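This briefing covers one protein chain. The sequence and structure come first, and the notes after them are grouped by topic.

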Amino acid sequence: MFKFEDPTYLWFLWIVPILVVLRLYGVWCRHRQMRKIGDPLLVARLMPGVSTARKSCKFWLLMAAVVLFVVMLARPQMGSKVSNDKRNGIEAIIALDISNSMLAQDVVPSRLEKSKMLVENLVDNFTNDKIGLVVFAGDAFVQLPITSDYVSAKMFLQNIDPSLITTQGTDMARAINLASSSFTQQQGVGRAVILITDGEDHEGGAEEAAKAAHKKGANVFILGVGSAKGSPIPVGNGEYLKDGSGNVVMSALNEQMCREVAKAGSGTYIHVDNSSDAQEKLNSELSKLQKGETQSVVYSEYAEQFQAFAIIIIILLIIEACLMEVKNPLFKNVRLFKKKRF
(Lines give C-alpha, C1' and ligand atoms only; values in the text may rest on other atoms or scores of the structure.)
Protein backbone atom coordinates (compact mmCIF):
# COMPACT_ATOMS: atom_id res chain seq x y z
CA MET A 1 0.00 0.00 0.00
CA PHE A 2 1.41 3.36 -1.05
CA LYS A 3 0.75 6.61 0.79
CA PHE A 4 2.20 10.07 1.46
CA GLU A 5 3.04 10.99 5.03
CA ASP A 6 2.64 14.72 4.32
CA PRO A 7 0.55 15.14 1.13
CA THR A 8 0.22 18.92 1.61
CA TYR A 9 3.58 19.35 -0.14
CA LEU A 10 2.01 18.03 -3.36
CA TRP A 11 0.33 21.41 -3.79
CA PHE A 12 3.75 22.77 -4.78
CA LEU A 13 3.45 20.81 -8.04
CA TRP A 14 1.56 23.85 -9.33
CA ILE A 15 4.95 25.49 -9.83
CA VAL A 16 5.67 23.12 -12.74
CA PRO A 17 2.99 24.39 -15.18
CA ILE A 18 3.94 27.96 -14.23
CA LEU A 19 7.58 27.30 -15.13
CA VAL A 20 6.51 25.63 -18.37
CA VAL A 21 4.47 28.69 -19.36
CA LEU A 22 7.41 30.98 -18.56
CA ARG A 23 9.69 28.75 -20.61
CA LEU A 24 7.39 28.86 -23.64
CA TYR A 25 7.11 32.62 -23.35
CA GLY A 26 10.91 32.94 -23.22
CA VAL A 27 11.30 30.79 -26.35
CA TRP A 28 8.76 32.93 -28.18
CA CYS A 29 10.56 36.15 -27.21
CA ARG A 30 13.92 34.73 -28.30
CA HIS A 31 12.55 33.69 -31.69
CA ARG A 32 11.10 37.14 -32.18
CA GLN A 33 14.46 38.79 -31.41
CA MET A 34 16.33 36.45 -33.73
CA ARG A 35 14.01 37.30 -36.62
CA LYS A 36 14.99 40.95 -36.18
CA ILE A 37 18.65 40.05 -36.70
CA GLY A 38 18.18 38.51 -40.11
CA ASP A 39 16.94 35.58 -42.12
CA PRO A 40 16.38 32.62 -39.77
CA LEU A 41 18.10 30.14 -42.13
CA LEU A 42 21.17 32.37 -42.41
CA VAL A 43 21.37 32.85 -38.64
CA ALA A 44 21.13 29.06 -38.18
CA ARG A 45 24.11 28.52 -40.51
CA LEU A 46 26.16 31.03 -38.51
CA MET A 47 25.58 28.93 -35.34
CA PRO A 48 25.92 25.31 -36.51
CA GLY A 49 26.65 23.96 -33.02
CA VAL A 50 23.63 25.42 -31.24
CA SER A 51 20.56 23.25 -30.78
CA THR A 52 17.16 24.13 -29.32
CA ALA A 53 16.62 20.45 -28.65
CA ARG A 54 19.50 20.48 -26.15
CA LYS A 55 18.00 23.46 -24.30
CA SER A 56 14.58 21.79 -24.24
CA CYS A 57 16.11 18.55 -22.98
CA LYS A 58 17.91 20.37 -20.17
CA PHE A 59 14.70 22.18 -19.22
CA TRP A 60 12.59 19.03 -19.06
CA LEU A 61 15.27 17.25 -17.04
CA LEU A 62 15.04 20.08 -14.50
CA MET A 63 11.24 19.88 -14.47
CA ALA A 64 11.38 16.16 -13.83
CA ALA A 65 13.79 16.80 -10.96
CA VAL A 66 11.45 19.45 -9.50
CA VAL A 67 8.45 17.09 -9.64
CA LEU A 68 10.39 14.27 -7.99
CA PHE A 69 11.73 16.67 -5.35
CA VAL A 70 8.20 17.77 -4.40
CA VAL A 71 7.08 14.13 -4.24
CA MET A 72 10.09 13.37 -2.05
CA LEU A 73 9.13 16.19 0.36
CA ALA A 74 5.68 14.58 0.71
CA ARG A 75 7.49 11.53 2.13
CA PRO A 76 6.17 8.65 0.01
CA GLN A 77 5.80 5.46 2.03
CA MET A 78 4.89 1.90 1.24
CA GLY A 79 3.63 -0.82 3.56
CA SER A 80 6.46 -3.28 3.76
CA LYS A 81 4.60 -5.85 5.83
CA VAL A 82 1.15 -7.28 5.20
CA SER A 83 -0.65 -9.31 7.82
CA ASN A 84 -4.10 -10.79 8.19
CA ASP A 85 -5.36 -9.88 11.63
CA LYS A 86 -8.35 -11.38 13.40
CA ARG A 87 -10.14 -8.83 15.52
CA ASN A 88 -13.17 -8.90 17.76
CA GLY A 89 -15.24 -5.79 17.05
CA ILE A 90 -18.10 -4.23 15.11
CA GLU A 91 -18.54 -2.74 11.66
CA ALA A 92 -19.67 0.87 11.34
CA ILE A 93 -20.48 2.83 8.20
CA ILE A 94 -20.68 6.57 8.77
CA ALA A 95 -22.90 8.45 6.32
CA LEU A 96 -22.06 12.15 6.50
CA ASP A 97 -24.37 14.82 5.12
CA ILE A 98 -22.30 17.34 3.11
CA SER A 99 -25.12 19.43 1.67
CA ASN A 100 -24.74 23.22 1.83
CA SER A 101 -27.04 23.42 4.85
CA MET A 102 -24.30 21.66 6.86
CA LEU A 103 -22.26 24.87 6.59
CA ALA A 104 -24.65 26.57 9.01
CA GLN A 105 -22.92 27.74 12.19
CA ASP A 106 -25.49 27.08 14.91
CA VAL A 107 -22.89 24.67 16.30
CA VAL A 108 -19.24 25.69 16.48
CA PRO A 109 -17.41 26.00 14.15
CA SER A 110 -20.09 24.69 11.77
CA ARG A 111 -22.36 21.68 11.48
CA LEU A 112 -20.02 19.97 9.04
CA GLU A 113 -16.81 20.67 10.96
CA LYS A 114 -18.44 19.60 14.24
CA SER A 115 -19.52 16.37 12.55
CA LYS A 116 -16.03 15.71 11.25
CA MET A 117 -14.56 16.24 14.73
CA LEU A 118 -17.12 13.83 16.14
CA VAL A 119 -16.20 11.18 13.58
CA GLU A 120 -12.49 11.68 14.26
CA ASN A 121 -13.07 11.19 17.98
CA LEU A 122 -15.11 8.09 17.21
CA VAL A 123 -12.24 6.65 15.16
CA ASP A 124 -9.85 7.37 18.04
CA ASN A 125 -12.03 5.23 20.31
CA PHE A 126 -12.08 2.29 17.88
CA THR A 127 -9.58 -0.50 18.45
CA ASN A 128 -10.70 -3.75 16.81
CA ASP A 129 -13.56 -2.34 14.75
CA LYS A 130 -13.99 -1.61 11.06
CA ILE A 131 -15.13 1.71 9.67
CA GLY A 132 -16.30 3.06 6.32
CA LEU A 133 -17.30 6.52 5.10
CA VAL A 134 -20.20 7.51 2.87
CA VAL A 135 -20.88 11.13 1.92
CA PHE A 136 -24.20 12.33 0.61
CA ALA A 137 -26.26 15.33 -0.43
CA GLY A 138 -28.63 15.00 -3.38
CA ASP A 139 -26.54 11.95 -4.31
CA ALA A 140 -24.35 9.57 -2.30
CA PHE A 141 -21.07 7.75 -2.83
CA VAL A 142 -18.53 5.77 -0.82
CA GLN A 143 -15.68 8.00 0.30
CA LEU A 144 -13.81 5.16 2.06
CA PRO A 145 -14.64 1.44 1.77
CA ILE A 146 -14.91 -0.38 5.09
CA THR A 147 -11.46 -0.83 6.62
CA SER A 148 -9.44 -1.17 9.80
CA ASP A 149 -6.94 1.45 8.61
CA TYR A 150 -7.83 4.31 10.93
CA VAL A 151 -5.05 6.53 9.57
CA SER A 152 -6.60 6.40 6.10
CA ALA A 153 -10.04 7.04 7.58
CA LYS A 154 -8.82 10.27 9.17
CA MET A 155 -7.05 11.33 5.99
CA PHE A 156 -10.18 10.83 3.86
CA LEU A 157 -12.26 12.58 6.51
CA GLN A 158 -10.19 15.77 6.30
CA ASN A 159 -10.83 16.04 2.55
CA ILE A 160 -14.62 16.06 2.90
CA ASP A 161 -16.47 19.24 1.95
CA PRO A 162 -19.71 20.13 0.04
CA SER A 163 -17.86 20.51 -3.28
CA LEU A 164 -17.47 16.71 -3.49
CA ILE A 165 -21.09 16.40 -4.64
CA THR A 166 -22.50 18.79 -7.21
CA THR A 167 -26.09 17.55 -6.80
CA GLN A 168 -27.44 19.54 -3.89
CA GLY A 169 -30.28 18.49 -1.62
CA THR A 170 -30.43 15.82 1.07
CA ASP A 171 -31.29 12.25 0.09
CA MET A 172 -31.13 10.28 3.35
CA ALA A 173 -32.68 7.15 1.82
CA ARG A 174 -29.98 6.89 -0.83
CA ALA A 175 -27.27 7.31 1.84
CA ILE A 176 -28.77 4.63 4.11
CA ASN A 177 -29.19 2.17 1.23
CA LEU A 178 -25.61 2.70 0.08
CA ALA A 179 -24.24 2.40 3.62
CA SER A 180 -26.18 -0.79 4.39
CA SER A 181 -24.78 -2.44 1.25
CA SER A 182 -21.18 -1.48 2.10
CA PHE A 183 -20.60 -3.93 4.94
CA THR A 184 -18.57 -7.13 4.64
CA GLN A 185 -20.21 -10.53 4.23
CA GLN A 186 -18.96 -11.85 7.58
CA GLN A 187 -21.56 -13.28 9.94
CA GLY A 188 -22.09 -12.66 13.63
CA VAL A 189 -20.79 -9.10 13.60
CA GLY A 190 -22.68 -6.11 14.99
CA ARG A 191 -23.28 -3.51 12.31
CA ALA A 192 -24.16 0.16 12.62
CA VAL A 193 -25.15 2.78 10.07
CA ILE A 194 -24.33 6.14 11.67
CA LEU A 195 -26.02 8.87 9.68
CA ILE A 196 -25.01 12.44 10.58
CA THR A 197 -27.31 15.10 9.18
CA ASP A 198 -29.39 18.18 9.92
CA GLY A 199 -32.50 16.23 8.95
CA GLU A 200 -33.52 18.26 5.90
CA ASP A 201 -34.60 15.28 3.81
CA HIS A 202 -35.73 16.48 0.40
CA GLU A 203 -36.39 13.14 -1.27
CA GLY A 204 -38.30 11.00 1.25
CA GLY A 205 -38.14 7.24 1.78
CA ALA A 206 -35.67 7.42 4.66
CA GLU A 207 -37.82 5.39 7.06
CA GLU A 208 -38.28 2.59 4.52
CA ALA A 209 -34.52 2.56 3.86
CA ALA A 210 -33.83 2.34 7.60
CA LYS A 211 -36.22 -0.61 7.97
CA ALA A 212 -34.52 -2.36 5.04
CA ALA A 213 -31.10 -1.77 6.58
CA HIS A 214 -32.27 -3.26 9.88
CA LYS A 215 -33.55 -6.36 8.07
CA LYS A 216 -30.03 -6.78 6.68
CA GLY A 217 -28.68 -6.78 10.24
CA ALA A 218 -27.65 -3.15 10.74
CA ASN A 219 -28.88 -0.71 13.35
CA VAL A 220 -29.41 2.82 12.06
CA PHE A 221 -28.28 5.64 14.35
CA ILE A 222 -29.19 9.21 13.47
CA LEU A 223 -27.07 12.09 14.75
CA GLY A 224 -28.93 15.35 14.28
CA VAL A 225 -26.64 18.37 14.00
CA GLY A 226 -27.83 21.92 14.57
CA SER A 227 -30.73 23.64 16.27
CA ALA A 228 -34.48 23.50 15.72
CA LYS A 229 -34.56 27.32 15.68
CA GLY A 230 -32.71 27.42 12.39
CA SER A 231 -29.60 29.17 11.16
CA PRO A 232 -28.58 30.96 7.93
CA ILE A 233 -26.24 29.24 5.48
CA PRO A 234 -23.04 31.21 4.78
CA VAL A 235 -21.92 31.45 1.16
CA GLY A 236 -18.76 33.52 1.72
CA ASN A 237 -17.86 37.21 1.97
CA GLY A 238 -20.23 37.62 4.90
CA GLU A 239 -23.25 36.76 2.73
CA TYR A 240 -25.92 34.12 3.34
CA LEU A 241 -27.91 31.90 1.02
CA LYS A 242 -31.14 33.51 -0.18
CA ASP A 243 -34.23 32.17 -1.88
CA GLY A 244 -35.75 33.41 -5.13
CA SER A 245 -37.50 36.24 -3.29
CA GLY A 246 -34.29 37.54 -1.78
CA ASN A 247 -35.03 36.26 1.73
CA VAL A 248 -32.28 34.62 3.77
CA VAL A 249 -32.78 30.85 3.91
CA MET A 250 -32.95 29.47 7.45
CA SER A 251 -31.87 25.85 7.86
CA ALA A 252 -33.43 24.12 10.87
CA LEU A 253 -32.81 20.69 12.37
CA ASN A 254 -35.76 18.35 11.79
CA GLU A 255 -35.56 16.33 15.01
CA GLN A 256 -38.95 14.67 14.58
CA MET A 257 -37.99 13.07 11.29
CA CYS A 258 -34.57 12.04 12.66
CA ARG A 259 -36.26 10.26 15.57
CA GLU A 260 -38.65 8.44 13.25
CA VAL A 261 -35.87 7.24 10.96
CA ALA A 262 -33.77 6.03 13.91
CA LYS A 263 -36.77 4.19 15.35
CA ALA A 264 -37.45 2.53 11.99
CA GLY A 265 -33.84 1.34 11.88
CA SER A 266 -33.98 0.02 15.48
CA GLY A 267 -31.35 2.56 16.43
CA THR A 268 -31.16 5.73 18.49
CA TYR A 269 -31.49 9.41 17.73
CA ILE A 270 -28.76 11.58 19.27
CA HIS A 271 -28.75 15.37 19.16
CA VAL A 272 -25.35 16.95 18.43
CA ASP A 273 -24.74 20.34 20.00
CA ASN A 274 -21.70 22.22 21.28
CA SER A 275 -21.15 19.79 24.16
CA SER A 276 -19.54 16.32 24.15
CA ASP A 277 -22.75 14.57 25.19
CA ALA A 278 -23.42 13.20 21.70
CA GLN A 279 -20.00 11.55 21.57
CA GLU A 280 -20.52 9.82 24.91
CA LYS A 281 -24.03 8.63 24.01
CA LEU A 282 -22.90 7.27 20.66
CA ASN A 283 -19.98 5.38 22.21
CA SER A 284 -22.38 3.93 24.77
CA GLU A 285 -24.86 2.78 22.12
CA LEU A 286 -22.16 1.23 19.93
CA SER A 287 -20.76 -0.68 22.91
CA LYS A 288 -24.09 -2.54 23.14
CA LEU A 289 -23.70 -4.04 19.67
CA GLN A 290 -22.55 -7.61 19.29
CA LYS A 291 -18.83 -7.92 18.71
CA GLY A 292 -17.75 -10.60 16.27
CA GLU A 293 -14.51 -11.86 14.81
CA THR A 294 -13.46 -9.92 11.74
CA GLN A 295 -10.50 -10.42 9.45
CA SER A 296 -8.48 -7.45 8.30
CA VAL A 297 -5.59 -6.97 5.90
CA VAL A 298 -3.21 -4.65 7.73
CA TYR A 299 -0.28 -2.83 6.13
CA SER A 300 2.30 -2.09 8.77
CA GLU A 301 5.92 -0.97 9.08
CA TYR A 302 5.60 1.67 6.39
CA ALA A 303 8.99 2.05 4.74
CA GLU A 304 10.21 5.45 3.54
CA GLN A 305 10.64 5.59 -0.24
CA PHE A 306 12.27 9.03 -0.55
CA GLN A 307 15.73 7.50 -1.03
CA ALA A 308 14.83 6.15 -4.48
CA PHE A 309 13.45 9.55 -5.50
CA ALA A 310 16.61 11.27 -4.23
CA ILE A 311 18.83 8.98 -6.30
CA ILE A 312 16.80 9.63 -9.46
CA ILE A 313 16.92 13.39 -8.82
CA ILE A 314 20.72 13.31 -8.48
CA ILE A 315 21.03 11.33 -11.73
CA LEU A 316 18.79 13.80 -13.58
CA LEU A 317 20.78 16.79 -12.30
CA ILE A 318 24.08 15.18 -13.29
CA ILE A 319 22.78 14.52 -16.81
CA GLU A 320 21.47 18.09 -17.03
CA ALA A 321 24.81 19.52 -15.92
CA CYS A 322 26.79 17.40 -18.37
CA LEU A 323 24.53 18.21 -21.29
CA MET A 324 25.90 21.34 -22.97
CA GLU A 325 23.78 23.70 -25.04
CA VAL A 326 26.39 23.58 -27.82
CA LYS A 327 27.70 20.46 -29.47
CA ASN A 328 30.97 19.04 -28.13
CA PRO A 329 33.64 19.06 -30.90
CA LEU A 330 34.73 15.56 -29.85
CA PHE A 331 31.30 14.24 -30.82
CA LYS A 332 30.63 16.42 -33.86
CA ASN A 333 29.67 13.41 -35.97
CA VAL A 334 27.14 12.13 -33.39
CA ARG A 335 23.73 13.67 -34.06
CA LEU A 336 21.48 13.02 -31.07
CA PHE A 337 19.94 16.49 -31.34
CA LYS A 338 18.91 18.56 -34.32
CA LYS A 339 20.55 21.86 -35.17
CA LYS A 340 18.94 25.05 -34.03
CA ARG A 341 16.04 26.24 -36.15
CA PHE A 342 14.33 29.64 -35.77
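Leu-96 is in contact (heavy atoms within 4.5 Å) with Leu-112, Ser-115, Lys-116, Val-134, Val-135, Phe-136, Ile-160 and Ile-196, leaving aside neighbours within four places in sequence. The model is predicted, so local features need pLDDT of at least 70 and side-chain atom pairs count only at pLDDT 80 or more, while totals for chains, interfaces and linings use all residues. Residues are numbered from 1 along each chain as its sequence is written, and side-chain values use heavy atoms, with hydrogens and water left out.

- Leu-96 belongs to strand β3 (residues 91–97); helices (H or I, at least four residues) and strands (E, at least two) are DSSP runs, numbered from the N terminus.
- With a relative accessible area of 2%, Leu-96 is buried; buried means under 20% relative accessible area, exposed over 50%, and partly exposed in between (1.4 Å probe, protein chains only).
- Leu-96 and Ala-137 are 41 residues apart along the chain, and their C-alpha atoms are separated by 8.7 Å.
- Ala-175 sits in helix α6 (residues 172–180) and is buried, at a relative accessible area of 0%.
- Not counting residues up to four places away in sequence, Ala-175 touches Ala-95, Val-134, Phe-136, Ala-140 and Leu-195.
- A distance of 9.3 Å separates the C-alpha atoms of Ala-175 and Val-142, which are 33 residues apart along the chain.

**Whole chain**

- The chain has 10 helices and 13 strands.
- Of its 342 residues, 43% count as buried.
- Among contacts in the chain with a separation of 6 or more, 81% are between residues 24 or more positions apart.
- The chain exposes about 18500 Å², of which carbon and sulfur atoms supply 58%; accessible areas come from the Shrake-Rupley method with a 1.4 Å probe, and for residues only the protein chains shown count as cover.

**Helix α8**

- In helix α8 (residues 255–264), the residues Met-257, Cys-258, Val-261, Ala-262 and Ala-264 are buried.
- Viewed down the axis of α8, these buried residues fall within an arc of 160 degrees, so they line one face of the helix; the arc is that of the directions from the helix axis to the C-beta atoms.
- The buried residues of α8 pack against α6, β6 (191–197), α7 (206–215), β7 (218–225) and β12 (269–272).

**Salt bridges**

- The whole structure contains 10 salt bridges, each a side-chain nitrogen of Lys or Arg within 4 Å of a carboxyl oxygen of Asp or Glu.
- One of them joins the side chains of Lys-58 and Glu-320 (3.0 Å, N to O).
- Lys-58 lies in helix α3 and Glu-320 in helix α10 (residues 306–322), so the pair ties together parts that are 262 residues apart in sequence.
- Lys-58 is buried at a relative accessible area of 13%, and Glu-320 counts as buried at 15% relative accessibility.
- Lys-154 and Asp-124 also meet through their side chains in a salt bridge (2.4 Å, N to O).
- This pair links distant parts of the chain, with Lys-154 in helix α5 (residues 150–158) and Asp-124 in helix α4 (residues 111–125), 30 residues apart.
- Lys-154 counts as partly exposed at 27% relative accessibility, and Asp-124 counts as partly exposed at 44%.
- A salt bridge between the side chains of Lys-288 and Glu-285 has an N to O distance of 3.4 Å; Lys-288 is exposed, with a relative accessible area of 60%.
- Asp-106, Arg-111 and Asp-198 are linked in a network of salt bridges.

**Aromatic pairs and nonpolar surface**

- The count comes to 4 aromatic pairs; rings of Phe, Tyr and Trp (its six-membered ring) pair if their centres lie within 6.5 Å, and planes under 30 degrees apart count as stacked, over 60 as edge-to-face and the rest as tilted.
- The rings of Phe-59 and Trp-60 have centres 5.2 Å apart and planes at 75 degrees, so the pair is edge-to-face.
- Phe-59 counts as buried at 13% relative accessibility, whereas Trp-60 is partly exposed, with a relative accessible area of 49%.
- Tyr-9, Phe-12, Phe-69 and Leu-73 make a nonpolar surface patch of about 370 Å²; patches are made of residues with over 30% relative accessible area and no salt bridge, with like charges joined within 9 Å and nonpolar side chains (Val, Leu, Ile, Met, Phe, Trp, Tyr) within 5 Å.
- Phe-69 lies in helix α3 (residues 52–73) and is partly exposed, with a relative accessible area of 41%.
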